[in-house]
Every structure is written in structure tokens, then in C-alpha cells.
Amino acid sequence: MASDASSKRSSVESVVKYTEGLFNTINHMLIGYVTIYLSYVCYMNGANNFLTWHLFLTAVGYHFFMAESFLTLYSANSWTMENTPEMKRRLHWILQVIGCSAIFAGTAVEIYYKEDRKREHFKSPHAITGLVSVIFILLSMLNGWAALYAVKIKHIIKPIYVKLSHYLCGIVAFVIGMTSLALEYTPRRMQSKENVNMLILFTSIVSALTVIGAGKTMYGQLKGMCR
């Protein structure tokens, strides 16, 4: 009886592992496709356009580097599953730094563009959600630095709270940032309404699959810390 139960558990775990791997592969494909497509659109719009650089930098920052940085910590992630936890964290930090730098640069380009034309800032839903995302990115970065020294400051605050705050701020920043990107998809910029619908669908799927992976990682790490 115990053997049957163990066999059934093993079968379920195999199905779950296969399913996670399948959806992880789909996620990587969609991340790559949308990133390449948006880069192509930016290229076609010309490098002399400030809005082109704003879209390119923020799209690459959120849709590629930030998404991939979350996935490095995911146990089912294809290209990091064999890495040590230390290497995964290192890759996470590297991708986060590159992604956040691109996002900050893209935001600065947009601010400069509007200042140069004496236009008001942060009026549209796209701009407002973008600003909120940047604020949460900054909070996540501060929490991330605190997480590095969580053991040293445990007499001030428990490490579990520091890590939980870092994870939550990062997830909120990513989801709102991807929402901001989706709000910027327009037929005029993306060449057709069909392309807009496709990009919104793919962006939504990437957001969901990435957050599910990040949520599972967060739950597993916090569960371990609570033991």
C-alpha cells in the first residue's frame, strides 16, 4: 500500500514537473517574440525619435531583463535549474540591474522629451502606471540591499520580513510595469489592431506565468525560512 501511494505521488510530481517545464518554455518563447517584435517596431520608427528609445528601453527592461531575472530563481526554469542557489541569485541581480537601468533610462528619455516640448508629465494611464512601477522598483531595490544584509540586521527586523517585502515590491513593480507597456500598444505604433491584440495577449500571458513562477519561488523560500 505504501509503495502504491509512493508511486502515485511520484507520477503526480512527474506530471507537475513536465507541465511546469512546458509552460516555462512557452513563457521564454513569448518573452523572446515580444521583445524582438517591439525592437523591430522601434527600428522601423527610426533611432532619431525620443519615443522610440522610450519604448525600446522600457520594453527590453520589463519584458526581457526583469521577466528573466524573476525566472532565474524559479526551480522549473530551463536555463538555471542546474545552477546553485548562489549562482541563481547572482544572475537575478545582474539581470535586475541591467533591466532597471534600461527602465530608468527610458523613463528619463520620456521626461526629457516632455520637458523639451513644455508638456505636462504623468497624465495618461500609461504614464501614471509607469511612475508607480518605477516607485516600486526603487522600493524593491532598497529591500534587495537590505536582504543582502538580512542576517546582520536581524536584531532590527526579521530576515523573513525583509525578503517578503523585496519579493512583493518586485512583483508589483513588474506587473504594473507590464500593464504600462500594454497601455502603450496602439494601432498607430504597432501597425495594426491585430498586432495590438496579439501583444496584449502575449504580454498578459508572460506576466501571469512569470508571477506564478516568482510566487512559487517566494513561497518555497519563505516556507524554508519559517522552519
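Of the 227 residues in the protein chain, 41% are buried (relative accessible area under 20%; exposed is over 50%, partly exposed in between; 1.4 Å probe, protein chains only). The model is predicted: local features need pLDDT of at least 70, side-chain atom pairs count only at pLDDT 80 or more, and totals for chains, interfaces and linings use all residues. Residues are numbered from 1 along each chain as its sequence is written, and side-chain values use heavy atoms, with hydrogens and water left out.

The secondary structure comprises seven helices and zero strands (DSSP runs numbered from the N terminus; helices are H or I with at least four residues, strands E with at least two). Along the sequence the pattern reads α-α-α-α-α-α-α. Taken along the principal axes, the C-alpha atoms fill a box of roughly 70 × 45 × 25 Å. Contacts (heavy atoms within 4.5 Å) were also sorted by sequence separation. Among those with a separation of 6 or more, 74% join residues 24 or more positions apart.

Helix α3 spans residues 85–116, and helix α4 spans residues 125–148. Their axes come within 11 Å and cross at roughly 150 degrees. Axes here are lines fitted to C-alpha atoms, for helices over the stretch in contact, and angles run from 0 to 180 degrees between N-to-C directions. The crossing therefore makes α3 roughly antiparallel to α4 (over 145 degrees; under 35 is roughly parallel, 65 to 115 roughly perpendicular and the rest oblique). The crossing of α3 past α4 is left-handed, a term for a near helix turned anticlockwise from the far one by less than a right angle, with clockwise being right-handed. On the α3 side, the contact involves W93, C100, I103, F104 and T107. On the α4 side, the partners are V134, I137, L138, M141, G144, W145 and L148. By class, this contact holds ten nonpolar, two polar and no charged residues. Nonpolar covers Ala, Val, Leu, Ile, Met, Phe, Trp, Tyr, Cys and Pro; charged covers Asp, Glu, Lys and Arg; the others, Gly among them, are polar.

The axes of α4 and α5 come within 7 Å. Their crossing angle is roughly 155 degrees. Accordingly, α4 is roughly antiparallel to α5. This crossing, too, is left-handed. The contact of α4 with α5 has 13 nonpolar, twelve polar and two charged residues.

H166 sits in helix α5, residues 159–184. H166 is buried, at 16% relative accessible area. Beyond its neighbours within four places in sequence, H166 contacts H92, S140, N143 and G144. Two polar contacts involve its side chain (N or O atom pairs within 3.5 Å; within protein, one atom must be able to donate a hydrogen and the other to accept it, and residues adjacent in sequence count only if both atoms are side-chain atoms). The H166 side chain reaches the backbone oxygen of S140 at 2.9 Å. It also reaches the backbone nitrogen of G144, at 3.3 Å. H166 and N48 are 118 residues apart in sequence, and their C-alpha atoms lie 37 Å apart.

M66 lies in α2 and has a relative accessible area of 4%. Leaving aside residues within four places in sequence, M66 contacts G61, Q96, C100, I103, I137 and F174. C100 and I103 belong to the α3 side of the α3 contact with α4, and I137 to the α4 side. Not counting residues up to four places away in sequence, H54 touches G106, T107, V109, E110 and H126.

The loops on either side of α3 provide a further pair of residues. T80 is found in the loop between α2 (50–71) and α3. T80 is buried, at 0% relative accessibility. Its side chain reaches the backbone oxygen of T72 at 3.0 Å. Residues touching T80, apart from those up to four places away in sequence, are L71, T72, Y74, K88 and L91. K118 lies in the loop between α3 and α4. K118 is exposed, with a relative accessible area of 75%. Although not a glycine, K118 has a positive phi of about 55 degrees.
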